[in-house]
Amino acid sequence: MNTDSQDEEMMVQTTLEPLQQILKDAAGVNSQQKVQPTETTAKQKTHLFRPINRQPVAKLIVLDDGSRDVGEEIRIRQAGFTIGREKGDLKLPFDRDISSQHAELRCHQQDGKFRWYLIDNQSKNGTFLRAYRASLSRDSELIMGSRRYVFKLPNRPSDAESEEIQETNAYRAPSSQHLDQLHPRLVEMGVGEEEIRTFVIKQNANRIGRSSKCSIQVDEDSFLSPQHAKLQKNERGRWMIADMKSANGIWIRIRRMPIDRQAEFQIGLQRFIFQPQLTQD
């Protein structure tokens, strides 16, 4: 897994961010267009009252099964809110995939501003943030459809390979398995060794989904959209994954991640919506 600092540096764009841009475009908002001043725009905008010397009240929605936006609503008025199976401010005892104290939402004050963080408490099965677009590093874990995968980069040369050669070996053609190690791979998790599937990524641009048009096809997973996600290498040589308007999204495992806007996350088999503040400018 990544370190905490790597998690915060990981580029994760939540599903809300592109939606806001789409709404602006639909409304004809363009920074290059000149807006004629009116009486309302000329005057300073009046904001509705909100506290500025304390953290904002946040809202957590524990989603109903099969719903994207409906569930139990909880107002958070303390600096830390813990979720777990046996301990915490919210207990989910029926979900055995959730650790005793699984994850925490914590508010920190930085430079006079309040910022919320989603923190995994070293849980066994991890905390996953829903993303529209995200960068992948070595051993990044993600959920797509009903499956979990780990993203593997080519192996680094081992110490044994760098040692001085003691004798000359007879030539042997490299096996297909050895050649596959030279490419990134997407490896399915949580199944027996004989059932593990490995998708070798030999192209710089790949699509993942149920459709036969996808270079990474998982046709038996009904929770996966026909064209679910795009996995590609950018101009800087970094691997990126992006959602292709899938029904169930892509979810990236994190350890500690700032949440500045409304976001969705999953622990165990439970999904949530977190809104860091109830009032918006």
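Student: Which residues of β4 lie on one side and which on the other, and are they buried or exposed?
Tutor: In this predicted model, one side of β4 carries G80, T82 and G84 and the other carries F81 and I83, and all of these are buried, so that both faces are covered, given that buried means under 20% relative accessible area.

Student: Which residue stands opposite F81, and in what sense do the two strands pair?
Tutor: Pairing is read from the bridges between two strands: β4 and β6 (residues 103-110) pair in the antiparallel sense over 4 bridges, and F81 stands opposite L105 in β6. With β5 (residues 90-91), β4 pairs in the parallel sense over 2 bridges, and there G84 stands opposite K91.

Student: How should I describe the largest pocket, and what is its volume?
Tutor: One takes volume, lining and residue class together. The volume is about 610 Å³, and 23 residues form the lining, with G145, F223, Q266, L269 and R271 nearest the centre. Strands β11 (147-152), β20 (263-267) and β21 (270-275) each supply at least two lining residues, and by class the lining of this pocket holds 5 nonpolar, 9 polar and 9 charged residues.

Student: What is the volume of the second largest pocket, and which strand gives the largest share of its lining?
Tutor: The second largest pocket has a volume of about 460 Å³; it is lined by 17 residues, of which R50, P51, P56, F114 and Q277 are closest to its centre. Strand β7 (residues 113-120) gives the largest share of that lining, 4 residues, and the classes are 9 nonpolar, 3 polar and 5 charged.

Notes. Residues are numbered from 1 along each chain as its sequence is written. This is a predicted model: local features need pLDDT of at least 70, side-chain atom pairs count only at pLDDT 80 or more; totals for chains, interfaces and linings use all residues. Side-chain values use heavy atoms; hydrogens and water are left out. Buried means under 20% relative accessible area, exposed over 50%, partly exposed in between (1.4 Å probe, protein chains only). Two strands pair if DSSP finds at least two bridges between them. On a 1 Å grid over the protein atoms alone, a cavity is a set of points where a 1.4 Å probe fits but cannot get out, and a pocket is an open set with protein on both sides within 12 Å along at least five of seven lines; lining residues have an atom within 4 Å of a point. Grid points are joined across faces, edges and corners, and a volume is the space filled by probe spheres set on the points. Ala, Val, Leu, Ile, Met, Phe, Trp, Tyr, Cys and Pro count as nonpolar, Asp, Glu, Lys and Arg as charged, and the others, Gly among them, as polar.
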